[in-house]
Amino acid sequence: MRTNLNKIQRCPGCGDFLIHLALKQALAELKIPAHQTVVVTGIGCSSKMSQYMDNYGAETLHGRGIPFATGVKLANPELTVVSVSGDGDTYGIGVGHMIHAARRNIPFVHITCDNQNYALTTGQASSTTPIGAKTKSTPEGNELPPMHPVNLVESAGCQFVKSVSDKDIKGLKETIKEAILFPGFAHINVQQSCPSWKRW
Ligand SMILES: Cc1ncc(C[n+]2csc(CCOP(=O)(O)OP(=O)(O)O)c2C)c(N)n1
Ligand code: SF4
(Lines give C-alpha, C1' and ligand atoms only; values in the text may rest on other atoms or scores of the structure.)
(Ligands and ions follow the chains in the order given, each with its own letter.)
Protein backbone atom coordinates (compact mmCIF):
# COMPACT_ATOMS: atom_id res chain seq x y z
CA MET A 1 0.00 0.00 0.00
CA ARG A 2 1.32 3.43 -0.91
CA THR A 3 0.33 6.10 1.56
CA ASN A 4 1.10 9.08 -0.69
CA LEU A 5 -1.06 7.87 -3.57
CA ASN A 6 -3.74 10.21 -4.88
CA LYS A 7 -4.44 8.66 -8.25
CA ILE A 8 -4.91 5.19 -9.72
CA GLN A 9 -2.96 5.01 -12.98
CA ARG A 10 -5.20 3.06 -15.34
CA CYS A 11 -6.96 3.79 -18.62
CA PRO A 12 -10.76 4.15 -18.54
CA GLY A 13 -12.38 0.75 -19.12
CA CYS A 14 -9.34 -1.26 -18.02
CA GLY A 15 -10.24 -4.74 -16.76
CA ASP A 16 -7.77 -4.30 -13.91
CA PHE A 17 -10.42 -2.16 -12.16
CA LEU A 18 -12.73 -5.21 -12.10
CA ILE A 19 -10.02 -7.64 -10.94
CA HIS A 20 -8.98 -5.18 -8.22
CA LEU A 21 -12.59 -4.86 -7.04
CA ALA A 22 -13.14 -8.65 -7.06
CA LEU A 23 -9.97 -9.20 -5.01
CA LYS A 24 -10.93 -6.55 -2.45
CA GLN A 25 -14.44 -7.99 -2.13
CA ALA A 26 -13.14 -11.56 -1.80
CA LEU A 27 -10.77 -10.59 1.04
CA ALA A 28 -13.52 -8.57 2.77
CA GLU A 29 -16.09 -11.39 2.51
CA LEU A 30 -13.61 -13.90 3.91
CA LYS A 31 -12.94 -11.38 6.72
CA ILE A 32 -9.19 -11.63 6.28
CA PRO A 33 -7.67 -8.66 8.09
CA ALA A 34 -5.41 -6.31 6.14
CA HIS A 35 -2.50 -6.90 8.49
CA GLN A 36 -2.57 -10.63 7.65
CA THR A 37 -2.69 -10.17 3.88
CA VAL A 38 0.19 -9.58 1.47
CA VAL A 39 -0.37 -8.78 -2.21
CA VAL A 40 2.79 -9.33 -4.24
CA THR A 41 3.13 -8.17 -7.83
CA GLY A 42 5.68 -8.14 -10.62
CA ILE A 43 5.88 -5.20 -13.03
CA GLY A 44 3.20 -4.04 -15.46
CA CYS A 45 -0.14 -2.21 -15.49
CA SER A 46 -1.75 -5.07 -13.55
CA SER A 47 1.20 -5.28 -11.18
CA LYS A 48 0.52 -1.78 -9.89
CA MET A 49 -2.29 -3.43 -7.92
CA SER A 50 -0.08 -3.98 -4.86
CA GLN A 51 0.18 -0.18 -4.52
CA TYR A 52 -3.58 0.24 -4.53
CA MET A 53 -4.56 -2.29 -1.86
CA ASP A 54 -4.97 -1.48 1.84
CA ASN A 55 -2.92 -4.44 3.06
CA TYR A 56 0.79 -5.20 2.97
CA GLY A 57 2.25 -5.43 -0.49
CA ALA A 58 5.36 -5.57 -2.61
CA GLU A 59 5.80 -4.52 -6.23
CA THR A 60 8.84 -6.58 -7.12
CA LEU A 61 10.67 -7.18 -10.43
CA HIS A 62 9.23 -8.16 -13.81
CA GLY A 63 8.45 -11.89 -13.66
CA ARG A 64 9.68 -12.28 -10.08
CA GLY A 65 6.53 -11.83 -8.00
CA ILE A 66 5.98 -15.58 -7.64
CA PRO A 67 9.35 -16.34 -5.97
CA PHE A 68 8.85 -13.32 -3.70
CA ALA A 69 5.36 -14.56 -2.75
CA THR A 70 6.79 -18.05 -2.14
CA GLY A 71 9.31 -16.57 0.28
CA VAL A 72 6.66 -14.56 2.14
CA LYS A 73 4.47 -17.64 2.59
CA LEU A 74 7.38 -19.82 3.71
CA ALA A 75 8.53 -17.17 6.20
CA ASN A 76 5.06 -16.77 7.71
CA PRO A 77 2.53 -19.47 6.76
CA GLU A 78 -0.19 -17.65 8.73
CA LEU A 79 -0.35 -14.90 6.11
CA THR A 80 -2.76 -14.90 3.17
CA VAL A 81 -0.55 -14.31 0.15
CA VAL A 82 -1.94 -13.27 -3.23
CA SER A 83 0.36 -12.73 -6.18
CA VAL A 84 -0.91 -10.71 -9.18
CA SER A 85 0.73 -9.99 -12.52
CA GLY A 86 0.18 -9.81 -16.26
CA ASP A 87 0.46 -12.50 -18.93
CA GLY A 88 3.84 -11.15 -20.02
CA ASP A 89 5.08 -11.32 -16.47
CA THR A 90 3.59 -14.76 -15.69
CA TYR A 91 3.84 -16.66 -18.98
CA GLY A 92 6.81 -14.86 -20.57
CA ILE A 93 9.72 -13.68 -18.44
CA GLY A 94 8.42 -15.40 -15.28
CA VAL A 95 7.14 -18.66 -16.76
CA GLY A 96 9.80 -20.78 -15.06
CA HIS A 97 8.69 -19.53 -11.65
CA MET A 98 5.05 -20.29 -12.44
CA ILE A 99 5.86 -23.90 -13.40
CA HIS A 100 7.86 -24.51 -10.23
CA ALA A 101 5.20 -22.87 -8.03
CA ALA A 102 2.72 -25.35 -9.53
CA ARG A 103 5.11 -28.23 -8.75
CA ARG A 104 5.87 -27.09 -5.20
CA ASN A 105 2.21 -26.58 -4.27
CA ILE A 106 2.95 -23.95 -1.62
CA PRO A 107 -0.41 -22.49 -0.60
CA PHE A 108 -0.77 -19.07 -2.12
CA VAL A 109 -2.84 -17.65 -4.96
CA HIS A 110 -1.52 -16.34 -8.25
CA ILE A 111 -3.86 -14.25 -10.42
CA THR A 112 -2.78 -13.58 -13.99
CA CYS A 113 -4.41 -10.53 -15.58
CA ASP A 114 -4.30 -11.90 -19.13
CA ASN A 115 -4.85 -9.04 -21.57
CA GLN A 116 -2.88 -10.91 -24.26
CA ASN A 117 -0.24 -8.19 -24.55
CA TYR A 118 2.57 -6.32 -22.78
CA ALA A 119 0.41 -3.31 -21.96
CA LEU A 120 2.61 -1.09 -19.78
CA THR A 121 5.25 -0.99 -22.50
CA THR A 122 2.56 0.02 -25.05
CA GLY A 123 1.14 -3.19 -26.41
CA GLN A 124 3.69 -5.66 -27.73
CA ALA A 125 2.76 -9.30 -28.45
CA SER A 126 2.98 -11.71 -25.50
CA SER A 127 2.82 -15.48 -25.04
CA THR A 128 -0.99 -15.42 -25.21
CA THR A 129 -1.51 -13.08 -28.18
CA PRO A 130 -3.66 -14.86 -30.77
CA ILE A 131 -2.42 -15.61 -34.28
CA GLY A 132 -3.08 -12.70 -36.62
CA ALA A 133 -3.34 -10.00 -33.93
CA LYS A 134 -1.72 -6.72 -34.95
CA THR A 135 0.36 -5.27 -32.14
CA LYS A 136 3.25 -2.82 -31.82
CA SER A 137 5.69 -5.70 -32.31
CA THR A 138 3.64 -7.60 -34.91
CA PRO A 139 2.40 -4.90 -37.31
CA GLU A 140 1.64 -7.49 -40.01
CA GLY A 141 -0.16 -9.80 -37.56
CA ASN A 142 1.19 -12.24 -34.98
CA GLU A 143 2.55 -15.43 -36.51
CA LEU A 144 3.23 -17.40 -33.33
CA PRO A 145 0.65 -19.73 -31.80
CA PRO A 146 -0.48 -18.65 -28.32
CA MET A 147 0.36 -20.60 -25.20
CA HIS A 148 -2.57 -22.25 -23.38
CA PRO A 149 -1.89 -21.18 -19.79
CA VAL A 150 -4.48 -23.36 -18.06
CA ASN A 151 -3.12 -26.52 -19.72
CA LEU A 152 0.45 -25.46 -18.98
CA VAL A 153 -0.12 -24.85 -15.27
CA GLU A 154 -2.25 -27.97 -14.88
CA SER A 155 0.38 -30.14 -16.53
CA ALA A 156 2.98 -28.71 -14.12
CA GLY A 157 0.94 -30.14 -11.24
CA CYS A 158 -1.34 -27.32 -10.09
CA GLN A 159 -4.55 -28.74 -8.63
CA PHE A 160 -6.55 -25.49 -8.69
CA VAL A 161 -6.55 -23.78 -12.07
CA LYS A 162 -9.48 -21.66 -13.24
CA SER A 163 -10.04 -19.30 -16.12
CA VAL A 164 -12.55 -16.47 -15.59
CA SER A 165 -13.52 -13.34 -17.51
CA ASP A 166 -13.09 -9.96 -15.80
CA LYS A 167 -16.67 -9.21 -16.88
CA ASP A 168 -17.97 -11.98 -14.61
CA ILE A 169 -17.17 -9.98 -11.51
CA LYS A 170 -19.26 -12.11 -9.16
CA GLY A 171 -17.80 -15.35 -10.56
CA LEU A 172 -14.32 -13.90 -10.29
CA LYS A 173 -14.85 -12.86 -6.66
CA GLU A 174 -16.15 -16.35 -5.77
CA THR A 175 -13.23 -17.98 -7.62
CA ILE A 176 -10.73 -15.82 -5.70
CA LYS A 177 -12.40 -16.82 -2.42
CA GLU A 178 -12.16 -20.53 -3.36
CA ALA A 179 -8.53 -20.07 -4.37
CA ILE A 180 -7.64 -18.39 -1.06
CA LEU A 181 -9.25 -21.25 0.86
CA PHE A 182 -7.58 -23.93 -1.30
CA PRO A 183 -4.84 -25.74 0.66
CA GLY A 184 -2.22 -25.56 -2.08
CA PHE A 185 -1.03 -23.38 -4.94
CA ALA A 186 -4.00 -21.91 -6.81
CA HIS A 187 -3.87 -20.19 -10.16
CA ILE A 188 -6.56 -18.01 -11.75
CA ASN A 189 -6.19 -16.81 -15.33
CA VAL A 190 -8.41 -13.77 -15.84
CA GLN A 191 -9.31 -12.85 -19.40
CA GLN A 192 -8.75 -9.13 -19.04
CA SER A 193 -9.90 -6.29 -21.24
CA CYS A 194 -7.34 -3.68 -22.29
CA PRO A 195 -9.16 -1.10 -24.41
CA SER A 196 -5.93 0.75 -25.17
CA TRP A 197 -4.04 -2.10 -26.85
CA LYS A 198 -6.13 -5.26 -27.15
CA ARG A 199 -8.16 -4.63 -30.26
CA TRP A 200 -8.91 -8.15 -31.45
C1 LIG B 1 13.58 -7.41 -16.55
C2 LIG B 1 12.63 -6.44 -17.20
N3 LIG B 1 12.41 -6.56 -18.51
C4 LIG B 1 11.55 -5.71 -19.12
C5 LIG B 1 10.92 -4.73 -18.41
C6 LIG B 1 10.00 -3.78 -19.10
N7 LIG B 1 8.62 -4.04 -18.83
C8 LIG B 1 7.95 -3.38 -17.86
S9 LIG B 1 6.35 -3.77 -17.81
C10 LIG B 1 6.53 -4.83 -19.12
C11 LIG B 1 5.36 -5.54 -19.72
C12 LIG B 1 4.31 -5.93 -18.76
O13 LIG B 1 3.37 -6.75 -19.43
P14 LIG B 1 2.48 -7.74 -18.62
O15 LIG B 1 3.28 -8.48 -17.64
O16 LIG B 1 1.69 -8.55 -19.58
O17 LIG B 1 1.54 -6.77 -17.76
P18 LIG B 1 0.48 -5.66 -18.23
O19 LIG B 1 1.23 -4.38 -18.34
O20 LIG B 1 -0.09 -6.10 -19.55
O21 LIG B 1 -0.52 -5.66 -17.13
C22 LIG B 1 7.84 -4.88 -19.57
C23 LIG B 1 8.33 -5.69 -20.70
C24 LIG B 1 11.19 -4.65 -17.02
N25 LIG B 1 10.59 -3.74 -16.23
N26 LIG B 1 12.04 -5.51 -16.45
S1 SF4 C 1 -2.80 -0.04 -21.14
FE2 SF4 C 1 -4.38 -1.65 -20.97
S3 SF4 C 1 -3.86 -2.85 -19.15
FE4 SF4 C 1 -2.73 -0.89 -19.05
S5 SF4 C 1 -4.05 0.48 -17.82
FE6 SF4 C 1 -4.52 0.83 -19.98
S7 SF4 C 1 -6.26 -0.54 -20.43
FE8 SF4 C 1 -5.30 -1.26 -18.53
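Tutor: Let's begin at the ligand, where an oxygen atom of ligand 1 sits 3.5 Å from a polar backbone atom of Asp87. Keep in mind that this is a predicted model.
Student: OK. And how far is a backbone N or O atom of Gly88 from an oxygen atom of ligand 1?
Tutor: For Gly88, that distance is 2.8 Å. A polar backbone atom of Ala119 is also 3.0 Å from an oxygen atom of ligand 1.
Student: How much of the ligand's accessible area does the protein cover?
Tutor: On its own, ligand 1 has 590 Å² of accessible area, and the protein covers 72% of that.
Student: Which residues are closest to ligand 1?
Tutor: Cys45, Ser46, Gly88, Asp89 and Leu120 are the closest, out of 16 residues that surround the ligand. By class, that shell has eight polar, six nonpolar and two charged residues.
Student: Which element gives the largest share of the shell?
Tutor: Helix 4, with four residues. Both helix 4 (87-93) and strand 5 (117-118) supply at least two residues each.
Student: Switching topic: what's the span of helix 7?
Tutor: Helix 7, residues 169-181, reaches 19 Å from first C-alpha to last, close to the 18 Å expected for its 13 residues.
Student: Which of its residues are buried?
Tutor: In helix 7, the buried ones are Leu172, Lys173, Thr175, Ile176, Lys177, Ala179 and Ile180.

Definitions and conventions
Residues are numbered from 1 along each chain as its sequence is written. Chains are lettered from A and ligands numbered from 1 in the order in which they are written. This is a predicted model: local features need pLDDT of at least 70, side-chain atom pairs count only at pLDDT 80 or more; totals for chains, interfaces and linings use all residues. Side-chain values use heavy atoms; hydrogens and water are left out. A residue is near a molecule or strand if one of its heavy atoms lies within 4 Å of it. A polar contact is a pair of N or O atoms within 3.5 Å; within protein, one must be able to donate a hydrogen and the other to accept it, and residues adjacent in sequence count only if both atoms are side-chain atoms. Accessible areas come from the Shrake-Rupley method with a 1.4 Å probe; for residues, only the protein chains shown count as cover. Ala, Val, Leu, Ile, Met, Phe, Trp, Tyr, Cys and Pro count as nonpolar, Asp, Glu, Lys and Arg as charged, and the others, Gly among them, as polar. The expected span of a helix is 1.5 Å times one less than its number of residues. Buried means under 20% relative accessible area, exposed over 50%, partly exposed in between (1.4 Å probe, protein chains only).
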